[in-house]
Amino acid sequence: MSNEMHDQNEEQQLHTSPEHDSVDEVAVPVTGGYELPENYSQLKKDAHRQADWKRRLQAARELGQYSQPPVIDLLQHMLQQDPVTAVREEAYTQLRELGVEVEMPERPSTELFNHMTKTLIRIKKSLPADHTYEDFKGKFSRMRADIYDAYEGEKGDEFDNWLRGRWESLDLTVNPKRDRPKSAPRAGGKAAAPKRQKRK
């Protein structure tokens, strides 16, 4: 099997979200009477590009030139939902300049994406045992461009050091699905009733 076909098969297994650069649009009403920019449709698409944080950042800057309600709704969505701090900060700046009272969300203290470690382990396991960091980095960027791009934007100049550290520390003996700890009993839940002894 060719490397290209192998990557395509693995991509179907590894990539559980829509196409990397697809437009995950939020419903923003555009009604008559709003003097929206001619390229509003394109800016709206750019604001939701999952694998291009720089285009989302530029879209936020351009959207800030217009104070119409659909634009404000879109900037607020970016402020609350974008995984990259730089994009959220830009949306925050533009909203404040438009006179909208908003608060800047805190920088995330946990992983930007659920099951991040599981995804990295599966990518590393798919490579030969003697693969290099560059091999891993390249396959990560191909298989999960959305995650790769978000962390590249979030980590900035520290991205390579961070990713190399994650690659080196991945434990391939762990099966994230099989080895996860069993959930503890719910607080306040009823204890299992003791078995009744049969009467003699």
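Biologist: Let me begin with a backbone detail: what follows α8, and what is the phi there?

Modeller: Directly after α8 comes G156, and the phi of G156 is positive, near 60 degrees. Please keep in mind throughout that we are looking at a predicted model.

Biologist: Which residue has a positive phi although it is not a glycine?

Modeller: That is H115, with a positive phi of about 60 degrees, and H115 sits in the loop between α5 and α6.

Biologist: Is H115 buried or exposed?

Modeller: The relative accessibility of H115 is 59%, so H115 counts as exposed, the threshold for that class being over 50%.

Biologist: OK, stepping back, how many helices and strands does the protein have?

Modeller: There are nine helices and zero strands, so reading along the sequence gives α-α-α-α-α-α-α-α-α as the pattern. Buried residues account for 38% of the 200 residues, and among contacts between residues at least 6 apart in sequence, 62% join residues that are at least 24 apart.

Biologist: Back to α8, then. How much of α8 is buried?

Modeller: Nine of the eleven residues of α8 are buried, so this helix is largely enclosed by the rest of the structure. The buried residues are A145, D146, I147, Y148, D149, A150, Y151, G153 and E154, and they pack against α3, α5, α6, α7 and α9.

Biologist: How do α8 and α9 pack, in terms of angle and axes?

Modeller: The angle between α8 and α9 is about 125 degrees, and their axes are 8 Å apart. The two helices are therefore oblique to each other, given that 65 to 115 degrees would count as roughly perpendicular and over 145 as roughly antiparallel.

Biologist: Which residues make that contact?

Modeller: From α8 the contact uses Y148, Y151, E152 and K155, while α9 contributes F159, W162 and L163. Sorted by class, the contact of α8 with α9 has five nonpolar, no polar and two charged residues.

Biologist: Switching to the core: which residues touch the most other members of the largest nonpolar core?

Modeller: The largest nonpolar core has 39 residues, and those touching the most other members are L63, L75, M78, F136, F140 and L163. The elements giving two or more residues to this core are α2, α3, α4, α5, α6, α7, α8 and α9, and α4 gives the most, with six residues. As general background, nonpolar side chains in soluble globular proteins tend to be buried together.

Biologist: Take F140 from that list. What does F140 touch?

Modeller: Leaving aside residues up to four places away in sequence, F140 touches M116, L120, I123, A145, I147, Y148 and L163.

Biologist: And V87, where is it and what does it touch?

Modeller: V87 is in helix α5, and at 0% relative accessibility V87 counts as buried. Not counting residues up to four places away in sequence, V87 touches W53, R56, L57, M78 and D82. V87 and K54 are 33 residues apart in sequence, yet their C-alpha atoms are 8.1 Å apart in space.

Biologist: You mentioned R56 and D82 together. What do their side chains do?

Modeller: The side chains of D82 and R56 meet in a salt bridge, with 2.5 Å from N to O. This pair links distant parts of the chain, since D82 lies in the loop between α4 and α5 whereas R56 lies in helix α3, 26 residues apart. Both D82 and R56 are buried.

Biologist: What about R61 and E90?

Modeller: The side chains of R61 and E90 also meet in a salt bridge, at 3.6 Å from N to O, and this pair links helix α3 with helix α5, its residues being 29 apart. E90 counts as buried because its relative accessibility is 14%, whereas R61, at 40%, counts as partly exposed.

Biologist: How many salt bridges does the count come to?

Modeller: The count comes to eight. One of them joins R96 and E101, at 3.1 Å from N to O; R96 counts as partly exposed at 37% relative accessibility, and E101 counts as exposed at 68%.

Notes. Residues are numbered from 1 along each chain as its sequence is written. This is a predicted model: local features need pLDDT of at least 70, side-chain atom pairs count only at pLDDT 80 or more; totals for chains, interfaces and linings use all residues. Side-chain values use heavy atoms; hydrogens and water are left out. A salt bridge is a side-chain nitrogen of Lys or Arg within 4 Å of a carboxyl oxygen of Asp or Glu. Helices (H or I, at least four residues) and strands (E, at least two) are DSSP runs, numbered from the N terminus. Buried means under 20% relative accessible area, exposed over 50%, partly exposed in between (1.4 Å probe, protein chains only). A nonpolar core is a set of buried Ala, Val, Leu, Ile, Met, Phe, Trp, Tyr and Cys residues joined through side-chain atoms within 4.5 Å. Contact means heavy atoms within 4.5 Å. Axes are lines fitted to C-alpha atoms, for helices over the stretch in contact, and angles run from 0 to 180 degrees between N-to-C directions. Angles under 35 degrees count as roughly parallel, over 145 as roughly antiparallel, 65 to 115 as roughly perpendicular and the rest as oblique. Ala, Val, Leu, Ile, Met, Phe, Trp, Tyr, Cys and Pro count as nonpolar, Asp, Glu, Lys and Arg as charged, and the others, Gly among them, as polar.
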